[in-house]
Amino acid sequence: MTEHRALYGAMLRIRMVEEEIASRYAEQEMRCPVHLSIGQEGPSAAFSLVAEVKDFAISTHRAHAHYLAKGGNLGAMIAEIYGKVTGCSKGVGGSMHLADKSVGFMGSSAIVGNSIPVGVGLGLAAKRQKNQAISWIFLGDGATEEGVYYESVNFAVLKQLPVVFVCENNGFSVYSDESVRRPEQQTIPAVAESLGCLSISVDGNDAQAALEALRSVSALVRDGRGPALIELHTFRQREHCGPNFDDDLGYRSEEYLDEWKLRDPLDLLRSKMTGADDAKWIEETQSKIANEIDVAFSEAKEARFPTLQECKELLYA
Amino acid sequence: MPENTREITFADAVQEATAEAMRDDESIIVYGLGVNDPGRVFGTTAGLVEEFGAERVFETPTAENGMTGIAVGAAIAGVKTIVTHQRFDFFLLAMDQLVNSAAKWRFMFGGQFQVPVVFRLITGRGWGQGPTHSQSYHSWLTQVPGLKVVMPSNARDAKALLKASIKDPNPVVFIENRWLHQTTSLVAKGSEPGELGKSRVVVEGNLITIVAMGYGVVEALRACEELAKLNIHCEVIDLRTLAPLDIETIAESVGKTRRLLVVDLAPETGSIAHTIKTGVEDRLRGSEVHYTGVLCGLDLPEPTSHGVTMNFHVDAGAIFSRVSSICDGKSSIPAPLRTFPSDIPPQGGFGPF
């Protein structure tokens, strides 16, 4: 498969899954907060091509895309959002707490910045295993304002851990833009660089550019050169939390919205896919994914809820 | 006495438990501020880096929250971590990672992970430790499902329970009172791990059950000795583990003595002493019980001045007075329990500790 197809297919799958979540959300059967990555699929698609099964990954409240990109089971994720016992977290975690240990997706956290040191701990374990595994830590721009982020980057640099901080910068912490959160001259890569962490910044909506960045940086990290940070500028198309659009609230300027709406990551890559049978391939892929999604949702809806007793049994090992 | 048993300090027992566990299991690492410094966390990490190397025993940045999360991450990937803190108070910076990560990573991902981490927290006492060097929020932590909370009172239990905590596949908070470090008891080399969630009847008696934990047990036993001279025979129970809580052993004892006093050196409001009292009352409802009560610290931060701390702590004298008032109502505190100065351990010495 060409790299374009691989990237596009990965983005398309995430997009279609999340659009299905959004369109069914009003049925009120998915009764937990959902933070969709629609518009932010570029970094996850790139990650899915670069990450190895032995690698660890960890994420945030906006975790669907990362979970799927690491190879997390789709049916188990949908069941989890429905709160069913067949969910990846047996229904006790919900959308914000996804994990699939069998593929190294080691969790996601609702608390901003919370999973960052956990990811560094996974990096510490990976280094001790001496098998060239990487710990990938997904975080948003808001998390870089948390104290624990600095503690984590510092330790990763100090111990030269195989960690890649993947910072999806969508410009907003809920409704607050960067101008109210940090001085203008202060950028996320510059701060990380000043802590001794190799850092680069790329356009996250250009999936090909994201892929190149992740590939080159992860090769260095895998080689034992210490941690790195990749900032990927991107755009959240929908509201911070929930299935809807919230552009009517006016917290993002018309200018900003117009600019980013022309830069949908799927559209950008699609425009480069001009091969003779690319259109046909996309159509077939869409149909395959749609079938997979249908199965995932119908199985999730049919499954039962966990019992309180089953929840109690999860507490201690 | 078995050949390999000898009298050692609580601090040495902690060191020995750690070293023995690390010999048995190469996945164990130890880190924290001071683990390799000249003091070696009051001697409790002495010799570890020399025996196990700097990859397994290392100093850390001053980053309590981050290092707690890092322990969780390492643990879910199979690296068992023992994290040390020279004061409980500093660990308060790590509440997010303790509560939202360590205690939840198993539950909230449907049981996919184990989180074998031991957090060793030391509570300061005396010599002006004051508002931010003397706190012990053990009762708070029992409010966090998913954690185990252990609080030994002597060297033998320290070793047995630390080994059990290290072996446990769950996050365990292991609380050491600074005044216990130099106390001694008979401890065996190469001993087996103890069992978490079991309290122990230390002294048998028939008139009243006194439940205490950590350093409070030392004070309770001192009071008990003097009370025995007045023919007031107390049954003293060392709680040892606060979560899971062994309420059955206590209820059984109170079923016999008909009286219960729960001693906690920490502030009274929200103390686990009340949980124990209520738990026992519930279990013994319908049977004859003459007294249930608690004796806890003031709802006040510890003042630094040694001019006031003499009246601040719950000590053997206070326990003696309360028990005496319950059981015979007439005895005044005997001379051996009128401790002065109150800001140094009974065995003597001076600070800073």
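Among contacts in chain B between residues at least 6 apart in sequence, what percentage join residues at least 24 apart? The share is 81%.

Confidence comes first. The average pLDDT of chain B is 95, and 99% of the residues score at least 70. Where pLDDT is low, predicted coordinates should not be read in detail. For the complex, the predictor gives an ipTM of 0.97 and a pTM of 0.97.

Next, the overall form of chain B. The chain holds 12 helices and 14 strands. Its C-alpha trace spans about 60 × 45 × 45 Å along the principal axes. A compact globule of 353 residues would have a radius of gyration near 20 Å, and chain B agrees with this because its own value is 20 Å. Of the 353 residues in chain B, 56% are buried.

Now to the sheet. Five strands of chain B form an open sheet in the order 9-11-10-13-14, and their pairing is mixed. Strand 9 (200-203) and strand 14 (291-297) of chain B stand at the edges; each has a single partner strand, so one side of each has no neighbour in the sheet. On average, neighbouring strands of this sheet are turned by 25° against each other, direction ignored.

Strands of a sheet pair through backbone hydrogen bonds, in either a parallel or an antiparallel way. In chain B, strand 13 (residues 259-267) and strand 14 run parallel and are joined by seven bridges. B:Val262 has B:Val294, in strand 14 of chain B, as its bridge partner.

Two helices of chain B pack on this sheet. Helix 9 (residues 247-257) touches strand 9, strand 10 (208-212), strand 11 (234-238) and strand 13 of chain B. Helix 12 (residues 316-327) of chain B touches strand 10, strand 11, strand 13 and strand 14 of chain B. The direction of helix 9 makes about 155° with that of strand 10 of chain B, and for helix 12 the angle with strand 10 of chain B is also about 155°.

The last stop is the contact between the chains. Chain B contributes 32 residues and chain A contributes 35 residues. On the side of chain B that touches chain A, the elements giving two or more residues are helix 3 (64-76) and helix 5 (95-102) of chain B. Helix 3 of chain B gives the most, with nine residues. By type, the residues on this side of chain B are 16 nonpolar, 14 polar and two charged.

Methods:
Residues are numbered from 1 along each chain as its sequence is written. Chains are lettered from A and ligands numbered from 1 in the order in which they are written. This is a predicted model: local features need pLDDT of at least 70, side-chain atom pairs count only at pLDDT 80 or more; totals for chains, interfaces and linings use all residues. Two strands pair if DSSP finds at least two bridges between them. Helices (H or I, at least four residues) and strands (E, at least two) are DSSP runs, numbered from the N terminus. Axes are lines fitted to C-alpha atoms, for helices over the stretch in contact, and angles run from 0 to 180 degrees between N-to-C directions. Two residues are in contact if their C-beta atoms, placed from the backbone, lie within 7 Å. pLDDT is the predictor's confidence in each residue, from 0 to 100. The radius of gyration is taken over C-alpha atoms; the globule rule is 2.2 Å times the number of residues to the power 0.38. A residue is buried if 20 or more other C-beta atoms lie within 10 Å of its own, exposed if 12 or fewer, and partly exposed in between; C-beta atoms are placed from the backbone. Ala, Val, Leu, Ile, Met, Phe, Trp, Tyr, Cys and Pro count as nonpolar, Asp, Glu, Lys and Arg as charged, and the others, Gly among them, as polar.
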